[in-house]
Amino acid sequence: MREHDPAPTPDPAVRAGRPTGREPAAADPVHVLLVEDDEAIRRSVGLALERYGYRVTAAPDGLTGLEVFREGGHDLLILDVMLPHLDGIGLCRRIRETSQAPILMMSARGDSLDVVSGLEAGADDYVVKPVDTTVLVARIRTLLRRAEFAAGPAAEEEPREDHVRAFHDLTVDTLGLEVRRDGEPVALTPTELRLLLEFVAEPGVALSRQKLLREVWDYGWEGDTRVVDLTVQRLRKKIGADHVETVRGHGYRFRR
């Protein structure tokens, strides 16, 4: 693990355990940027991820993390909320100014304000410390699958006439994975794009938060629906609030 400062022996604050499997061997492994000010946790998380085949670069504070991020080449970022110099929320916002790379936030307290602030800033998901490595790796794999989907073709089949869907000022190319509003391209994170495609697939149908958690975040359990609500909020800001209606007590509906 490449670090920007010395790190001590791993601490049990991160329950690394024994990995049940590794990421497939590759000439160019997935590169994770980990920004965490606690040296023991930073070292432990980094070593645990390396056991799964990830390449990890670690930074001890927000400003260093921003500098390292700007060097480029990172496939996914893990940001602690409480960081010196530039906190994780501010760092997330700075990254989102230029990049749609997957971002996973870590919160020591699981505090509602931390979660809400991180997701509003543009994070895709979050985990609560102490980190269970099994959960962490599962979240990472889901985010990477979503990013891979967003970067490539949506299907192997030949293009169909209806692959470009129009909704007033919004057009969505479900094969080319391009979104335009008033003819101008809309920059969406992989999570926002996956959420939009779920809506576009069933316009006019009320989709529950639990269904969206399963389909977009790949949660096989009743997860935190705030992730859905805040990602919908971000999506509305980019595509126009009128396109997504709230179905009180249930979820959301995409207007035809």
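Mentor: Start with a term. Contact means heavy atoms within 4.5 Å. Keep in mind that this is a predicted model.

Trainee: Which residues does Glu-198 touch, not counting residues up to four places away in sequence?

Mentor: Glu-198 touches Leu-207, Leu-212, Glu-215 and Val-216. Glu-198 itself is found in helix H6.

Trainee: Why is Glu-198 called buried?

Mentor: Buried means under 20% relative accessible area. Glu-198 has 10% relative accessibility, so Glu-198 counts as buried.

Trainee: What makes the pair of Glu-198 and Arg-194 side chains a polar contact?

Mentor: The cut-off for N or O atoms is 3.5 Å. The two side chains make their contact at 2.9 Å.

Trainee: Now the salt bridges. How many does the rule give?

Mentor: The count comes to 12 salt bridges. The rule asks for a side-chain nitrogen of Lys or Arg within 4 Å of a carboxyl oxygen of Asp or Glu.

Trainee: Why is Asp-124 with Arg-96 called a salt bridge?

Mentor: The closest N and O atoms of Asp-124 and Arg-96 are 3.1 Å apart. The limit is 4 Å, so the pair qualifies. This pair links distant parts of the chain, 28 residues apart. Asp-124 is in the loop between helix H4 and strand S6, and Arg-96 is in helix H3.

Trainee: Are Asp-124 and Arg-96 buried or exposed?

Mentor: Asp-124 has 1% relative accessibility, so Asp-124 counts as buried. Arg-96, at 12%, counts as buried too.

Trainee: What makes Arg-234 and Glu-192 a salt bridge?

Mentor: Their closest N and O atoms are 2.9 Å apart. Arg-234 lies in helix H8 and Glu-192 in helix H6, so the pair ties together parts that are 42 residues apart in sequence. Arg-234 is buried, with a relative accessible area of 7%. Glu-192 is buried at 1%.

Trainee: How do you know whether Arg-209 and Asp-229 are buried, partly exposed or exposed?

Mentor: Set each value against the cut-offs. Arg-209 has 16%, so Arg-209 counts as buried. Asp-229 has 24%, so Asp-229 is partly exposed, as that label runs between under 20% and over 50%. These two residues form a salt bridge as well, with the closest N and O atoms 2.7 Å apart.

Trainee: What makes Glu-36, Asp-80 and Lys-129 one network?

Mentor: Salt bridges that share partners join them. Lys-129 has another feature: a cis peptide bond joins Lys-129 and Pro-130.

Trainee: How do you know that bond is cis?

Mentor: Its omega is about 0 degrees. Pro-130 lies in the loop between S6 and H5.

Trainee: Which residues lie nearest the centre of the second largest pocket?

Mentor: Ala-150, Leu-177, Val-186, Leu-188 and Leu-193 do, among 15 lining residues. The lining divides into 11 nonpolar, 2 polar and 2 charged residues. About 200 Å³ of space lies in this pocket.

Technical notes:
Residues are numbered from 1 along each chain as its sequence is written. This is a predicted model: local features need pLDDT of at least 70, side-chain atom pairs count only at pLDDT 80 or more; totals for chains, interfaces and linings use all residues. Side-chain values use heavy atoms; hydrogens and water are left out. On a 1 Å grid over the protein atoms alone, a cavity is a set of points where a 1.4 Å probe fits but cannot get out, and a pocket is an open set with protein on both sides within 12 Å along at least five of seven lines; lining residues have an atom within 4 Å of a point. Grid points are joined across faces, edges and corners, and a volume is the space filled by probe spheres set on the points. Ala, Val, Leu, Ile, Met, Phe, Trp, Tyr, Cys and Pro count as nonpolar, Asp, Glu, Lys and Arg as charged, and the others, Gly among them, as polar. Helices (H or I, at least four residues) and strands (E, at least two) are DSSP runs, numbered from the N terminus. Buried means under 20% relative accessible area, exposed over 50%, partly exposed in between (1.4 Å probe, protein chains only). A polar contact is a pair of N or O atoms within 3.5 Å; within protein, one must be able to donate a hydrogen and the other to accept it, and residues adjacent in sequence count only if both atoms are side-chain atoms.
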